[in-house]
Structure formats: structure tokens, C-alpha cells
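Please keep the sequence and the model in view while reading.

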Amino acid sequence: MAEPPDFIRVEGLYKAFGKVEVLKGADLAVAKGESMVVIGGSGTGKSVLVKHIIGLLHPDAGTVSVDGRQVGSLKRTELSDLRRRMGMLFQYAALFDSMTVGENVAFALRRHTKMSEAEVRERVAEVLGMVGLSGAQEKWPAELSGGMKKRAGLARAIALGPEIMLYDEPTTGLDPILADQINELILDFRERLNVTSVAITHDMISAYKIADRIAMLHDGRIEEVGTPEQIQNSDNPVIQQFIHGRAEGPITAQ
Amino acid sequence: MTALIEGLGRFVIVVFEDAGRTWILFMKSVVTLRRPPYYIRACFEQMLEVGVRSLPIVVVTAIFSGSVFALQTWQGFERYGTTSFVGPVVALAITRELVPVLASLMVSGRAGSAMAAEIGTMVVTEQVDALRTMAVDPIEYLVVPRLIATAFMLPVLVMIGDLLGLWGGSLVVVNLYQSSPITYWEGAWNILTYDDVTSGLIKSAVFGLLIALFGCQTGFHTRGGAQGVGRATTRAVVSGSMAILISNFFLTKLLLR
């Protein structure tokens, strides 16, 4: 079988903050429509990796390309166009706290579409319904629980109908049931909207559930990539230590 | 001794870093002005926030500055028997220096710190990153409206402050020293030229720009949680006020004819 063309490709990505080298030549390829989950310990640079995909950070060395275009070398209007095709869920949702939930979800619609006010309101109701927050338009982010914030953040991220979704720790800090609801939503978007997604997590239950393939980030590089079964059966001691959550092993706490 | 030199060196670096970052932010803002989108609504919201909501403190500042200046000059001029000059002197001081500088310092404490705190919080909670991922430029959406609003509203506040400052002076002259209000107001009116008032207004527009620039700049460079936001807020007010006081000298020199 021929390899599918890579929709998102990260090659030799190197990034340091001051003297701290976070990524030291990370490589990752994600096919169109695929759900890739990047696992790795806290502080290993998973967020840094996804932030490069959407152009929030610029590589010190190496390249990141999306749909055949290098993110780092795009002109501002081109980057803007690319970002409109992407949605990102932040770890703490990053809702605009000076706006209501409805205004948050409508934010990109009002700026990037020619929708009338009625159409915007209809679309906001639709996506809030998809994440199970019907009728929450007038609520303020401060009034929402952690799980509701994440779902509101999801609604905002999918409002424009993105082709690519980036999830930064989608289930971290949620109880197991809420976490599973988020997993279901992520699966649901993939089915219904056919999005390509990159999720980063250290929640293995979530990783197994939503991933087509899992990539393990360790010491600034991708240690191994494989299907959930391949990862579970890997004989790599780094992977085994991480997925079973053992304190003893090649990974040392930093 | 080495600690002293080190400390001094660090201070110099911080000052230049601050000034440099602010200049860069200003240039970036100017560049974004050439193309849409323009966030008109955000601009009006900031005018309300910076202008209308700062009015009370400017009113108090102006009235009491005028009063105390009249008090002091009366005391001094009485020794030469030239109290009829109190009106003209108060008028010049109020319009050229006192109200523009003091009102700007007050607005810096109120609005500049609020900008740093708001943007700083947005940075540490990733709201600024969220803006970027939604293809909205934080400079266009957050900085430019604040710059325009502050640079426009501060002269408006100063115009109101000029009148109230003069009135504050007249309160002292008329009520405390039982002098004629006509001498005071005529003296004030006759000496004032168009340039006296406009130089104060031009200066305050520049101060407004500086307040918003330092407020936004320190906000954007916030690092690390609530403590970082606190530091950014302090830095916005300290650097902003310093910038006002230093630029005031050069602007005054430039505008004096």
C-alpha cells in the first residue's frame, strides 16, 4: 500500500528557550483525516510541538509544513488563511473572559465570515449543541466548571468548521467521566467533520481511545510512532515505563 | 562595590529593554494601521474605559492643583504686592504643565496599569495565543484600539482639566483672599494664547500614547502567573510615568516658541 501524502509534517524540529533545549530534532508526519496523539511526560515539549504547527512558535531549526506549505515561511495573510482552517483547544480552554460563551464562540464567525447576525446566532447554537452546552450563550466563562470550559473551548474551536484540530491536553484535570465525554466529542468531530487532528496528552486511556496512531515524545525527539496496539506491545523500555506509569526506568524525573 | 555596579548595569539594561520593546510595539502598531481590519467597537470601548471612567480622578486632580498653585503663588506674589499676576501665572502653569502632566500621571496609574493587568492575564491564560489561532492579530485587536483611545481621550480630559484647574484657582483667590474674580479671570484670559493651550494638548496626546504603549508592552511581556501580572502592572506604571516625565522636558523644549 502506498504511503498517504503527509498532511502535517514536522521535520528535524529544534527549539530552545534560553539554555533549555526543549525539542532536539523532532519528526512527525500526520496523514489527512488521521488522529495522531502525542504522548510524553510533563515538560517534555508536547505543547511546544503543537504550537509550532499553528505558527504560535517559530522553529530554531527544522521545518513544519501543513498541506504542503511551510508554516514558518508564510506571509501574514497566508498564515491567517491557514489558521482559519485550524482549530485549537487549549489546556485551560483560554476562553476570553471578558466575553460571554456565546460571544466567544461567535468571535471567529463575526471576523472571518460574512454571516448575518441571525446566521451567527444559529451557528453558535448549533456548535454549542454539539458539545452539550445548549443554552449556555449568555453564561460567562467564570461561571463554568472546568469540563464546561473545555467544551465551550471546543465549540469555539470548531465554529468555523476546521479541517485540522489541535488538542492541548483535552482531558487533563477532568474526572474520568467528563474526560470520556471529551473523548467522545473528539471522536464525534472526526466522524462528522472528517478532521485531521493532533492531540497531546499524558492520559493513556484517552490516547488509546482517540488515536489512530500514537507518537511518544521523549528527550526532545519522537521515540516511537505506532498504532495503539503497537505502542502497547512495544518492547522499548521508555514506552513501557511511560504507558504503565512506573517510577523506575530509563525516564528520569526532571 | 561590584554589587553596586552590577545593580546599576541591570537597571540600565532594564531601561533600554523596556524602551526598545515599547518602540518596537509602536512601530508594529503603526504598520498594522495601513490595512484593515479596524476594530472600531473595541476603540470606543477603550475610549469609555480610559476617557469617561478617568474623568473623576482628572476632575479632582485639576481642581486641587489649580487651588494649591493659586495658594502658593498668592503667598509669594503678595511679598511684592503683585497679586494681580496670580491669574495669569495660574493660567499658564495649569494649561502648559500642571494639568497635562498630573492628569497623565493619574491616568497612567489608572488606565496604564489596567491595560498591563488585562493583557498580562490574557497572556498567562493563553487568551492571546487563542486570538492568534483564530487568525486575529493581538496588536490590531488589543493594542491599536488602546493607543488610539488613550491618545485621543487624554487631550479631551486635559481640556476639561484646564477649565477646572482655573476654576480651582479662582476659588482660592476669590473665597480665601477676597480678591476680585474679574481681575483673576481677565488676567488669565488675556495672557493665554492659542499656543499655551495647544502645547498642553499636544503633550497630553503624546503622554496618552506612552501610557497605552507601556501598559500594553509590559502586559505582552508578562511571564509566570499572578505574580508576573503584578510585576507587569507595576512596571507599566513606573516606566509609563518615567516616560511621561522625561519626554515632558523634551516636548516642552520643542514646543516652546
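In which loop of chain A does Ala94(A) lie? Ala94(A) is found in the loop between β6 and α3 of chain A. The structure shown here is a predicted model.

Most residues other than glycine have a negative phi, and most peptide bonds are trans.

Asp67(A) belongs to the loop between β4 and β5 of chain A. Is Asp67(A) buried or partly exposed? Asp67(A) is partly exposed, because 16 other C-beta atoms lie within 10 Å. In chain B, the peptide bond from Pro36(B) to Pro37(B) is cis, with omega near 0 degrees. Pro37(B) is located in the loop between α1 (2-32) and α2 (40-51) of chain B.

## The antiparallel sheet of chain A

Strands of a sheet pair through backbone hydrogen bonds, either parallel or antiparallel. In chain A, four strands make up an open sheet with the order β2-β1-β4-β5, and their pairing is antiparallel. The edge strands are β2 (20-31) and β5 (69-70) of chain A, each of which pairs on one side only.

Strand β1 (residues 6-17) of chain A is joined to β2(A) by nine bridges, and the two strands run antiparallel. Within this pairing, Leu13(A) has Ala26(A) of β2(A) as its bridge partner. Helix α1 (residues 46-53) of chain A packs on the sheet and touches β1, β2 and β4 (61-66) of chain A. The direction of this helix makes about 55 degrees with that of β2(A).

Strand β8 (residues 196-201) of chain A is mostly covered, as six of its six residues are buried. In a regular strand the side chains alternate between the two faces of the sheet. In β8(A), Thr196(A), Val198(A) and Ile200(A) point one way, while Ser197(A), Ala199(A) and Thr201(A) point the other way; all are buried.

Which strands run parallel to β8(A)? Strand β3 (residues 35-39) of chain A is joined to β8(A) by five bridges in a parallel arrangement, and Ile39(A) stands opposite Thr201(A). Strand β7 (residues 164-168) of chain A is also joined to β8(A) by five bridges and runs parallel to it. In that pairing, Asp168(A) stands opposite Ile200(A).

## Two domains in chain A

The domain assignment divides chain A into domain 1 (1-85 + 163-247) and domain 2 (92-161). The C-alpha centres of these two domains lie 25 Å apart. Where they meet, 10 residues of domain 1 are in contact with 10 residues of domain 2.

On the side of domain 1 that touches domain 2, helix α6 (residues 176-193) of chain A supplies the largest share, five residues. The residues of that side comprise eight nonpolar, one polar and one charged.

## The largest nonpolar core

In soluble globular proteins, nonpolar side chains tend to be buried together. The largest nonpolar core of this model has 139 residues, and Ala155(A) and Leu166(A) touch the most other members. Its largest share, 18 residues, comes from helix α4 (residues 86-124) of chain B. The core also draws at least three residues from each of domain 1 and domain 2 of chain A.

Neighbours within four places in sequence aside, which residues does Leu166(A) contact? With those neighbours set aside, Leu166(A) is in contact with Val50(A), Ile53(A), Ile54(A), Met86(A), Met88(A) and Val198(A).

## Where the chains meet

Between the chains, 15 residues of chain A are in contact with 10 residues of chain B. On the side of chain A that touches chain B, α2 (76-84), β6 (86-89) and α3 (101-112) of chain A each supply at least two residues. The largest share, four residues, comes from α3(A). The residues of this side of chain A divide into 10 nonpolar, two polar and three charged.

Technical notes. Residues are numbered from 1 along each chain as its sequence is written. Chains are lettered from A and ligands numbered from 1 in the order in which they are written. This is a predicted model: local features need pLDDT of at least 70, side-chain atom pairs count only at pLDDT 80 or more; totals for chains, interfaces and linings use all residues. Domain bounds come from an automatic or database domain assignment. Two residues are in contact if their C-beta atoms, placed from the backbone, lie within 7 Å. Ala, Val, Leu, Ile, Met, Phe, Trp, Tyr, Cys and Pro count as nonpolar, Asp, Glu, Lys and Arg as charged, and the others, Gly among them, as polar. A nonpolar core is a set of buried Ala, Val, Leu, Ile, Met, Phe, Trp, Tyr and Cys residues joined through C-beta atoms within 7 Å. A residue is buried if 20 or more other C-beta atoms lie within 10 Å of its own, exposed if 12 or fewer, and partly exposed in between; C-beta atoms are placed from the backbone. Two strands pair if DSSP finds at least two bridges between them. Axes are lines fitted to C-alpha atoms, for helices over the stretch in contact, and angles run from 0 to 180 degrees between N-to-C directions.
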